[in-house]
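This report describes one protein model, topic by topic. Keep the structure open while reading and find each residue as it is named.

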Amino acid sequence: MALIEASSPHTMNTYGRVPIALSHGQGVRVWDVNGKRYLDALAGIAVNTLGHNHPKLVPALQDQVARIIHSSNYYHVPNQEKLAAKLVELSGLSNVFFCSTGLEANEAALKLARKFGHDKGIARPEIVVYEKAFHGRSIATLSATGNPKVQKGFEPLLEGFIRVPLNDVESLKRATEGNPNVVAVFFETIQGEGGINPMRIEYLQQVRQLCDQRDWLLMIDEVQCGMGRTGKWFAHQWAGIKPDVMPLAKGLGSGVPIGAVVAGPRAANIFQPGNHGTTFGGNPLAMRAGVETIRIVEEDGLLDNAARVGSHLKGALVRELGGLKSVREIRGQGLMLGIELDRPCGVLTNRAAEAGLLISVTADSVIRLVPPLILTEAEADEIVALLAPLVTAFLRE
Ligand SMILES: *Cc1c(COP(=O)(O)O)cnc(C)c1O
């Protein structure tokens, strides 16, 4: 049996990895290079929307690779317009900029907010961000992130951020009172890396109203919670509101690197030629992946599936684990669920893998489940059957 090297001498030491290497997958199953099978409840961190080796996605991507992979934004890319039109239709917003990752989408959003300020004469624009937020690891996006562990060692942080707690409109008002430099409010509808922390519906509505009253941009990072994961295309749609700026990435290409910033009328014309750009963003392969992912989610009814199987999964988790006194909360929506324990539980990631289940732990003590949107109820039951005994045993230690 081949061993997986515990250390990788030539790659930088940036990840605490589970000691396995995945070789191939089928649906919600993956196999490692030694032939061991796993149930995938992580989906490459909410990326593999359609699971693995999807019978409709694979031939489309093979066709695209054989035609053209990359052409550059020197030229028109027809599928950029097609995917943008689709994102505009699904979001009710108006224009899209394409990039390749989540942090790039957020970086573009931050630039939009600053230029929105400069365009109305604000020389030192400030952006409201949130405790426990995660927006990426570039200098700008780690400065917007609300996690000291992500920031430590990379100071000085970028200035121009005001940090507030979640779901507390009075704090938001106090923190911005009399400040003419505020240009935007920026948050995830459901914080992912921060521990699956949802913004409440009424808070989303209150912030939308405040942004209208004060002429601020409402910028909602849907990089993790978007693309159907909660049972609507975008998680903020549960509140019946629209943002002015919406970064997307993870699930948008079902595994092919892609990012996008979708903007409404107040932000759609801020960038002019020369203000922003990228080499890889919007390339033909990524655009095809985005177009096909959305088509398949629609054809196969995967929004409804995410909502239905997600509530089935949550119900089963509550039944099996909700009664334990060390389980603080089981929360989230659709197929974006978190189980918060009363203690750090990072060891569960490796133990679950040993048991044949791929999960992750975020914010030290929250088990995160973000499986592919094709998950069935039977597969959800299987996740619970694998996970519940591990958690119960761990809490008895
Ligand atoms: C993952 C994530 C990012 C960063 O995306 P990358 O592609 O890793 O740069 C930003 N925001 C949220 C909400 C995320 O979950």
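Arg266 and Asp244 form a salt bridge through their side chains, with N and O 3.1 Å apart. Arg266 is in the loop between strand S12 (259-263) and H9, while Asp244 is in the loop between strand S10 (217-221) and strand S11 (245-248), so the pair ties together parts that are 22 residues apart in sequence. The model is a predicted one.

Asp244 has a relative accessible area of 5%, which is under the 20% limit, so Asp244 is buried.

## Other salt bridges

How many salt bridges does the count come to? The count is 26. One of them joins Lys86 and Glu298, whose closest N and O atoms are 3.1 Å apart. Glu298 is partly exposed because its relative accessibility is 37%.

Arg328 and Glu340 also meet in a salt bridge through their side chains, at 3.4 Å from N to O. Arg328 sits in strand S13 (residues 327-333) and Glu340 in strand S14 (residues 336-341), and the two are 12 residues apart. Is Arg328 buried or exposed? Its relative accessible area is 56%, so Arg328 is exposed. Glu340, by contrast, is buried, because its relative accessible area is 16%. Elsewhere, a network of salt bridges links Lys56, Asp63, Arg67, Arg288, Glu292, Arg295, Glu299 and Asp300.

## The ligand and its surroundings

Which residues surround the ligand? They are Thr101, Gly102, Leu103, Asn106, Phe134, His135, Glu188, Asp221, Val223, Gln224 and Lys250. By type, this shell divides into 3 nonpolar, 5 polar and 3 charged residues. Helix H4 (residues 102-119) gives the most to the shell, with 3 residues.

An oxygen atom of the ligand lies 2.8 Å from a backbone N or O atom of Gly102. For Leu103, a backbone N or O atom is likewise 2.8 Å from an oxygen atom of the ligand. A polar backbone atom of Phe134 is 3.3 Å from a nitrogen atom of the ligand. On its own the ligand has 380 Å² of accessible area, and the protein covers 82% of that.

## A nonpolar patch and a cis peptide bond

On the surface, Ile139, Phe154 and Leu158 form a nonpolar patch, and together they have about 260 Å² of accessible area. Leu158 is in the loop between helix H6 (148-151) and strand S6 (161-164). The relative accessibility of Leu158 is 33%, so this residue counts as partly exposed.

The loop between H6 and S6 also holds Pro156. The peptide bond that joins Glu155 and Pro156 is cis, with omega at about 5°.

## Two residues with positive phi

Ala43 is not a glycine, yet its phi is positive, at about 55°. This residue lies in helix H1 (residues 43-46). Ala43 counts as buried because its relative accessibility is 0%.

Asn167 is another residue other than glycine with a positive phi, near 60°. Where is Asn167 placed? Asn167 is in the loop between S6 and H7. Its relative accessibility is 17%, so Asn167 counts as buried.

Thr176 is part of helix H7 (residues 169-176). Its relative accessible area is 2%, so Thr176 is buried. What does the side chain of Thr176 reach? It reaches the backbone oxygen of Leu172, at 2.8 Å.

Ser91 is found in helix H3 (residues 78-91). With 5% relative accessibility, Ser91 counts as buried. From Ser91 to Arg124 there are 33 residues in sequence, and the C-alpha to C-alpha separation in space is 30 Å.

Notes
Residues numbered from 1 in each chain as written. Predicted model: local features only at pLDDT ≥ 70, side-chain atom pairs only at ≥ 80, totals over all residues. Heavy atoms only, no water. Near = heavy atom within 4 Å. Polar contact = N/O pair within 3.5 Å; in protein donor to acceptor, adjacent residues only side chain to side chain. Areas by Shrake-Rupley, 256 points an atom, 1.4 Å probe, with all protein chains shown as cover. Helix = DSSP H or I, 4+ residues; strand = E, 2+ residues; numbered from the N terminus. Nonpolar A, V, L, I, M, F, W, Y, C, P; charged D, E, K, R; others polar. Patch = residues over 30% accessible without salt bridge, like charges linked within 9 Å, V, L, I, M, F, W, Y side chains within 5 Å. Salt bridge = Lys/Arg side-chain N within 4 Å of Asp/Glu carboxyl O. Buried < 20%, exposed > 50% of the residue type's maximum accessible area, 1.4 Å probe, protein only.
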